[in-house]
Amino acid sequence: MDGRPPNPLPPASSAQPATIDDQRSAQARYPALSAERPVALPALFLAFARVGLLSFGGGATTLVLMQQEMIERRRWLDARGFAFTFALSRMYPGAHLLAQAALIGHVLRGMAGAVVALLGLVLPSCLITIVFTVFFLSLRANPLGAAVINGILPATAGMTIAVSYRLARDTMQDERGRTRLVTLFLIGGGFTLMGLLEVSSVLAVVVAGVLGAVLYQLAPGSAPTPEPTIPPTGIEEP
Amino acid sequence: MDLANLFLIFFKASILSWGGSQPLPILQDELTRQRPLLSDQDFATAIAIGRITPGPNGLFVLPIGYFVAGLAGAVAATLAICTVAFSSLILLRLHARLARIAAVAAGIRGIQAGAIGLTFAVGYLILLATVHSPLDLAIAAAAFALIAFTRVDVLVVLGGAGALGLIALLHVG
């Protein structure tokens, strides 16, 4: 075995079964996969390390960098291959960008590739984050540093609410009628359960899932959102 | 708190959430309310650190883990979110079948919407914990407006807020 997964060439949109043409052109669409030489693991690590270290400002940046690195700079994936890993990562709980890195790694180099891509994305940024955390703690011990942090903390609250606001706005943008009401109800319900009633957040997540499964299917004309097929549309966080 | 339990808390928070920033509510619930492991101030500080440092969303779990149990806690937290991410590989086998089940798609959508409500709650709870003066409230409101309605960089917002904190101290002192 060359370390490649057995079936690395699924259709870009998982909602539609692959056509014969899709299968036939798969080799052409995934040049890296049909290449004689598989992607080298150190190169895979470096590519994702670069993405991680340049990702200032959150998820949207990481996604754009990952797309540039995979499609344009390294030419390991084409847009459809990237969109496929993007869509899959959004179907799964957890940190989507980490999942997408693992999925891309697996598509390129099997299990070893998945591990290396994930480590590449996470390790260098983690080291910097640790250094920063230690620095923050020593800053807090100093009265001037403590004053700076006291200014930053309320800003964190405002930013968290702002991010929630943007997520809500983006989510409801393409919804109308009763579907929109269901979303609004679930957002309000989540806030009320955790923020006001202090119900366990795990319970709130489960309740939202069950209510969503029932209510969204009852709302007329609201076919469940298909997984996005073009990468930089459903951006997770600003 | 032993590390295995800490790992499990982070694992649970990640596997029950959609997207990098969504484990926040569960972590806040588990670590500050159900167990007195972390103050609201530390929690807010961890979020700020996560926003300042480069890296994919969700690495705020690192400072949270660090505040609870030092370096080992940070490693446990990072391992937990990576384990969840790694387990997504199972979708390479299951995705075609799952995507056709309407109830699954609707349920995921419900969790996403509910989770937005939970992040509103996190912001609200941090607000209650960190706003003690009219200046604090003004900083929070300005940060909200800048991030919600403009494209100002997070670093600028946090830097400005830190400067205001410093000015307030020097002014009062």
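Residues are numbered from 1 along each chain as its sequence is written, and chains are lettered from A, with ligands numbered from 1, in the order in which they are written. Because the model is predicted, local features need pLDDT of at least 70 and side-chain atom pairs count only at pLDDT 80 or more, whereas totals for chains, interfaces and linings use all residues.

**View 1. Chain A and its helices.** Chain A holds nine helices and zero strands (DSSP runs numbered from the N terminus, helices being H or I of at least four residues and strands E of at least two). Of its 238 residues, 47% count as buried (20 or more other C-beta atoms within 10 Å of a residue's own; exposed is 12 or fewer, partly exposed is in between, and C-beta atoms are placed from the backbone). Among contacts in chain A between residues at least 6 apart in sequence, 62% join residues at least 24 apart (a contact has C-beta atoms, placed from the backbone, within 7 Å).

**View 2. The side of chain B that touches chain A.** Here 89 residues of chain B are in contact with 88 residues of chain A. H6(B) gives the most to this side of chain B, with 25 residues. By class, the residues on this side are 61 nonpolar, 24 polar and four charged (nonpolar: Ala, Val, Leu, Ile, Met, Phe, Trp, Tyr, Cys and Pro; charged: Asp, Glu, Lys and Arg; polar: the others, Gly among them).

**View 3. Helix H8 of chain B.** H8(B) has 19 residues and spans 27 Å from its first C-alpha to its last, close to the expected 27 Å (1.5 Å times one less than the number of residues). Its buried residues include B:Val154, B:Val157, B:Leu158, B:Ala161, B:Gly162, B:Leu164 and B:Gly165. They lie on the same side of H8(B) because they cover an arc of only 155° around the axis (taken over the directions from the helix axis to the C-beta atoms). B:Leu155, B:Val156, B:Leu170 and B:His171 are exposed on the other side of H8(B). The cover over the buried residues includes helix H7 (143–172) of chain A, together with H3 and H7 of chain B.

**View 4. The two domains of chain B.** Chain B is divided into domain 1 (3–130) and domain 2 (132–173), with bounds from an automatic or database domain assignment. Their C-alpha centres lie 26 Å apart. Five residues of domain 1 are in contact with five residues of domain 2. On the domain 1 side, H3 and H6 of chain B each supply at least two residues, and H3(B) has the largest share, three residues.

Notes:
Two residues are in contact if their C-beta atoms, placed from the backbone, lie within 7 Å.
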